Amino acid sequence: MDFTPSEEQSAAQGLAARIFGDLSTHERLTAAGTGTDAELWKELCAAGLPAAVEDIGLLGLVLLLEEQGRTTAQVPLAATCVYGLLAVAEHGTAEQRERLLPGLRDGTAVATGAFPARGRVHIAEGGALYGAVPWVPWLRDATHVLVADADLALWIVAVSAPGAEVSKPGAEACAAGVTVEPVDTTAPWSAGRLVLDGVRGERLGNGPEAYAAVLATARTAFAGLQAGVCAGSLARAVHHTVTREQFGRPLSTNQGVLLRAADAHMDTEAIRVTAYEAAWRHDERRACVAQALTAAWWASEAGKRVVHAGQHLHGGTGADLDHPVHRHFLWGRQLDAYLGCGSEVLEELGLLLADSAQGDAS
C-alpha cells in the first residue's frame with residue numbers, strides 16, 4: 001500500500017485547504033446558520049474541485065473532505081461526489097454519464113443519497129416509487145437523490161418537480177411526486193424528510209452489487225470527513241491549552257491534558273489511515289467493503305471520543321454553544337450517527353468476516 005498523494009491529489013488538496021481556510025470562517029458559518037454556504041459552494045465548483053474527483057479518485061476525495069472537515073464548511077461536497085459523480089461515473093450507462101455528469105461537475109446539479117437503505121422505498125406495479133425516508137443529508141439543496149428500493153436496486157430521482165400531476169391507469173389525476181420536508185439534524189446539513197409518491201426514477205447499476213459499492217464508497221468518504229473534523233477539533237484544543245494559563249503556566253503542561261490530547265491524536269490518525277486504506281483499495285479496484293466498514297467504525301467510535309475531548313479540553317469555554325469548537329462536536333456526533341454508530345458497524349463487519357471465513361473453509 002502507498003498512500004502518498006499524487007501530484008494532482010496534492011494540488012487539489014492544497015487548493016481546497018486555501019478555499020476552505022479563506023471562506024469557511026467563524027463569521028461566515030455564523031451567518032449561514034443551519035443552511036448551506038452557497039457562495040462557498042460556487043467557489044469550489046468554479047475552482048473545479050468536484051469535477052476533479054473523477055481524476056483524483058476516492059483517495060483524492062478523502063483528502064478534500066479532510067480539508068472541509070477541518071473548517072466544518074457547510075457545503076454538499078461529500079454527498080454530491082459520492083452519490084452523484086462517482087456513483088454515475090462508476091455505475092451509470094454511457095447515456096446517463098453524458099447527461100448527468102456535466103451538471104454535477106460544475107455544481108448546477110447537487111446530488112445526495114438516502115443511505116443506508118432501510119427498506120422504506122418500494123416499487124409499485126408499473127415501476128413507480130413509493131415510500132418515505134426520515135432524513136436525508138443535504139436534501140434541501142439537492143436536484144437529484146439516489147435511493148435504494150427494498151431489493152437494493154438503485155434509482156436516481158429528480159427532486160426538481162415535487163407535487164407534479166400524474167395520471168394513474170383507472171383513476172383520476174392525483175398529486176404525486178417528490179416532497180421534501182425540512183428536518184433539523186445535530187449538524188447543519190440542510191437535511192430533509194424525503195417522501196416519494198408515485199415517482200418515476202431511473203435505474204442505476206446492477207442492483208445489490210451497485211448498492212454495496214456505493215455504500216462502501218460513502219462510508220470511506222464520510223470517514224475522511226470525520227478525520228478532518230477531528231483534526232480541526234484537536235487543533236483548536238491544542239491552541240487553547242497552549243495559550244491559556246492556569247496557576248502561572250499553560251494548561252498544556254498538565255499531564256492529564258497531555259494524555260487526553262495524545263489519545264485524541266492517535267484516534268484521529270487511526271480514522272485517517274483506515275479511510276486512506278479503504279480509498280486506496282477502491283481506486284486500485286481491490287475488495288474494499290471490509291476496509292470501508294473498518295474506517296466507518298473508527299470514524300464513529302474514535303470520532304466521538306475526539307470531539308468530546310476537544311470540547312472538554314476547552315474547559316468552561318467548550319460549554320459555549322457559540323464557540324467554534326462546538327461545531328466540531330456537532331459534526332462529530334452527526335457523523336457518528338450517520339455512519340451507523342459503532343456497535344452497528346462492528347456487528348456488520350463481524351458478520352462479513354465470519355461469512356468470509358466460512359467461505360474460505362468450504
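This report covers a helix pair and some salt bridges.

## About the model

This is a predicted model, in which local features need pLDDT of at least 70, side-chain atom pairs count only at pLDDT 80 or more, and totals for chains, interfaces and linings use all residues. Residues are numbered from 1 along each chain as its sequence is written, and side-chain values use heavy atoms, leaving out hydrogens and water.

## Two helices side by side

Let's begin with helix α4 (residues 49–71) and helix α5 (residues 77–91), whose axes come within 11 Å and cross at roughly 155°. Helices here are DSSP runs of H or I with at least four residues, and strands are runs of E with at least two, numbered from the N terminus. Axes are lines fitted to C-alpha atoms, for helices over the stretch in contact, with angles from 0 to 180 degrees between N-to-C directions. The two helices are therefore roughly antiparallel (an angle over 145 degrees).

## Salt bridges

The structure holds 15 salt bridges (a side-chain nitrogen of Lys or Arg within 4 Å of a carboxyl oxygen of Asp or Glu). In one of them, Glu66 meets Arg272 at 2.8 Å, N to O. Glu66 belongs to helix α4 and Arg272 to helix α8 (residues 255–283), 206 residues apart. Both residues are buried (under 20% relative accessible area, with exposed over 50% and partly exposed in between, using a 1.4 Å probe and protein chains only).

Glu66 and Arg272 also join Glu67, Arg70 and Glu269 in a network of salt bridges. Within helix α4, Arg70 and Glu67 are three residues apart, about one turn.

Technical notes: Parallel < 35°, antiparallel > 145°, perpendicular 65-115°, else oblique.
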